[in-house]
Amino acid sequence: MQAPGYDRAAQAAGIVHIGIGAFHRAHQAVYTDDAMGAGDRDWGIIGVSLRSGVVAAQLGPQDGLYTVSTRSAAGSALRLIGSVQRVLVAADVPQGVVDAIAASTTHIVSFTVTEKGYLRAADGTLDLAAANGTSSLYRFVGAALAARQAAGLSGLTLLSCDNLANNGAVLGRLMRQYLAAEYPGLVDWFDANCTCPATMIDRIVPATTDADRAAVEAALGARDEGAVVTEGFSQWVIEDDFAGPRPRWEAAGVELVADVAPYETAKLRMLNGAHSALAYIGLGRGHDFVHQAIADPDICPVIERLMRAEAAPTIDAAPGQDLAAYASALLDRFANPALHHRLTQIAMDGSQKIPQRWLETLAWHQARGARCPSLEAAVAAWIAFLRSGQPVDDPLADRLREAAAGPDAMDRLFGEGGLIASQWQPRNRE
Ligand code: CS2
């Protein structure tokens with residue numbers, strides 16, 4: 001089994017990662033482990049959980065070590081990751097989180113807090129009341145930036161690794177809004193000393209199950225409470241705009257580019273757009289997992305059309321970016337039978353995901369007088385899902401269910417002033 005090729009105990013922590021769930025452990029932490037394995041130093045990761053103590057309880061007794069299993073039809077490979085040093089639970093040690101971000105050795109704060117973790121109000125601005133709540137990333141980063149400025153330390157790179165369109169610019173704008181309200185004297189310092197590069201992150205990481213932990217235990221001969229399971233594929237494209245030092249992630253295959261937008265847009269509209277469509281259409285037809293839904297002969301052509309005929313034409317591809325090959329690769333990845341990726345995991349937080357996954361594509365075609373049969377089927381499946389009585393895990397769950405129940409569901413969800421603000425207007429569909 002591949003294990004860390006560097007002295008873990010000798011590494012300073014250069015990164016604080018907020019939202020240390022399975023995705024971070026199967027993606028950014030692996031690239032950072034690779035970079036240190038290739039000789040780079042002092043990029044240990046201090047993980048932060050804003051909401052629950054589960055990951056800290058899993059990784060604490062293991063000294064931060066955990067395994068990543070990559071699974072395909074051909075089998076499974078196991079690897080030990082050493083880049084995570086410890087996990088802080090924000091509710092237990094709030095000052096410890098601030099101190100970690102304010103430490104002179106810290107250069108990067110990265111985030112996987114999911115779409116809803118950015119605490120955007122319906123108009124896209126920061127919900128300031130929520131941003132002052134206990135599980136707000138802004139509070140911790142704001143207090144730490146103030147401490148860095150006061151101590152004369154360098155600024156930071158704030159690296160959003162969530163599936164948001166323009167994730168870097170969005171984080172920068174919301175952070176600036178928070179600082180303007182809470183630390184007005186810090187805004188100019190923030191602009192001069194901190195950056196928020198855009199990123200495209202891609203790896204399919206189903207939630208780890210007890211069966212996964214048992215399979216890892218059987219292969220490893222030891223219990224790993226922090227095990228994560230994923231596919232072989234992994235991609236990370238980052239806008240090359242760092243405020244200070246960064247790991248030599250390129251040694252691990254990270255692409256550092258001037259403009260992430262074509263990759264990010266393709267990923268959101270093709271991969272994630274197809275995923276959300278598979279989730280709602282698949283659940284409606286009684287499937288549990290992505291690989292089952294994509295094998296359904298009534299669903300596969302809908303998804304293929306969504307990617308190739310609806311999403312792809314809306315993307316201004318970068319030189320060498322082959323969207324037809326991308327669609328084919330995605331169909332193969334979705335079909336991976338060894339990855340039990342639950343449709344309910346993807347169906348979660350639809351209100352936060354659907355705008356950048358579907359509505360921008362729909363608006364693009366609408367502006368050209370064209371229809372999108374696959375995305376329209378996906379929208380109908382989402383409404384059917386909201387009406388179905390199945391559990392809806394979404395910050396707007398109650399309001400969505402209520403809006404979806406009546407005959408004017410489309411308008412109440414997507415119309416002007418509806419719950420899901422967008423450029424796409426269902427009223428003008430015909
Ligand atoms: C999925 C993503 O849960 C979801 O909504 O669409 O987490 C997806 O698996 C990743 O973005 C793949 O990189």
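**Notes on the ligand shell and the sheets**

1. Start with the ligand: helix H10 gives the largest share of the shell around it, three residues. Helices (H or I, at least four residues) and strands (E, at least two) are DSSP runs here, numbered from the N terminus. Keep in mind that this is a predicted model: local features need pLDDT of at least 70, and side-chain atom pairs count only at pLDDT 80 or more, while totals for chains, interfaces and linings use all residues. Residue numbers start from 1 along each chain as its sequence is written.

2. Which residues surround the ligand? They are Asn163, Asp202, Arg203, Ile204, Leu271, Asn272, His275, Gln345, Ile346 and Lys353. Helix H10 (261–284) and helix H14 (343–347) are the elements that give two or more residues to this shell.

3. By class, the shell has four polar, three nonpolar and three charged residues. The nonpolar class is Ala, Val, Leu, Ile, Met, Phe, Trp, Tyr, Cys and Pro; Asp, Glu, Lys and Arg are charged, and the others, Gly among them, are polar. Both domain 1 (8–257) and domain 2 (261–429) supply at least three residues each to the shell; these bounds come from an automatic or database domain assignment.

4. On annotation, an unreviewed UniProt entry puts "domain: Mannitol dehydrogenase C-terminal" at residues 259–405. UniProt positions follow the numbering used here, feature names are shortened, and annotations may be inferred rather than shown by experiment. In the model that span is 68% helix and 0% strand, and its end C-alpha atoms lie 42 Å apart.

5. Next, the five-stranded sheet: it is open, runs E5-E2-E1-E6-E7, and has parallel pairing. Strand E5 (84–89) and strand E7 (157–160) are the edges, each pairing on one side only. From one strand to the next the twist averages 20°, using lines fitted to C-alpha atoms as axes (for helices, over the stretch in contact) and angles from 0 to 180 degrees between N-to-C directions. Strands count as paired if DSSP finds at least two bridges between them. E1 and strand E2 (residues 44–49) have five, in the parallel sense, and Ala13 has Gly44 of E2 as its bridge partner.

6. A second open sheet has three strands in the order E4-E3-E9, with mixed pairing. Its edges are strand E4 (75–81) and strand E9 (228–230), and the twist averages 25° from one strand to the next. Strand E3 (residues 66–72) runs antiparallel to E4 over seven bridges, with Leu80 in E4 as the bridge partner of Thr67.

7. Strand E10 (residues 235–239) is worth a look: four of its five residues are buried. Buried means 20 or more other C-beta atoms within 10 Å of the residue's own, exposed 12 or fewer, partly exposed in between, with C-beta atoms placed from the backbone. E10 pairs antiparallel with strand E8 (residues 199–202) through four bridges, and parallel with strand E11 (residues 255–257) through three. Thr199 has Ile238 in E10 as its bridge partner, and Val237 stands opposite Glu255 in E11.

8. Finally, helix H2 (residues 28–37) is mostly covered, with nine of its ten residues buried; among them are Asp33, Asp34 and Met36. Gly39 follows H2 with a positive phi, near 115°. Asp7, in the segment before strand E1 (13–18), counts as exposed because it has 10 C-beta neighbours inside 10 Å. The C-alpha atoms of Asp7 and Met36 are separated by 9.3 Å, though the two are 29 residues apart along the chain.

Key: Near = placed C-beta within 6 Å.
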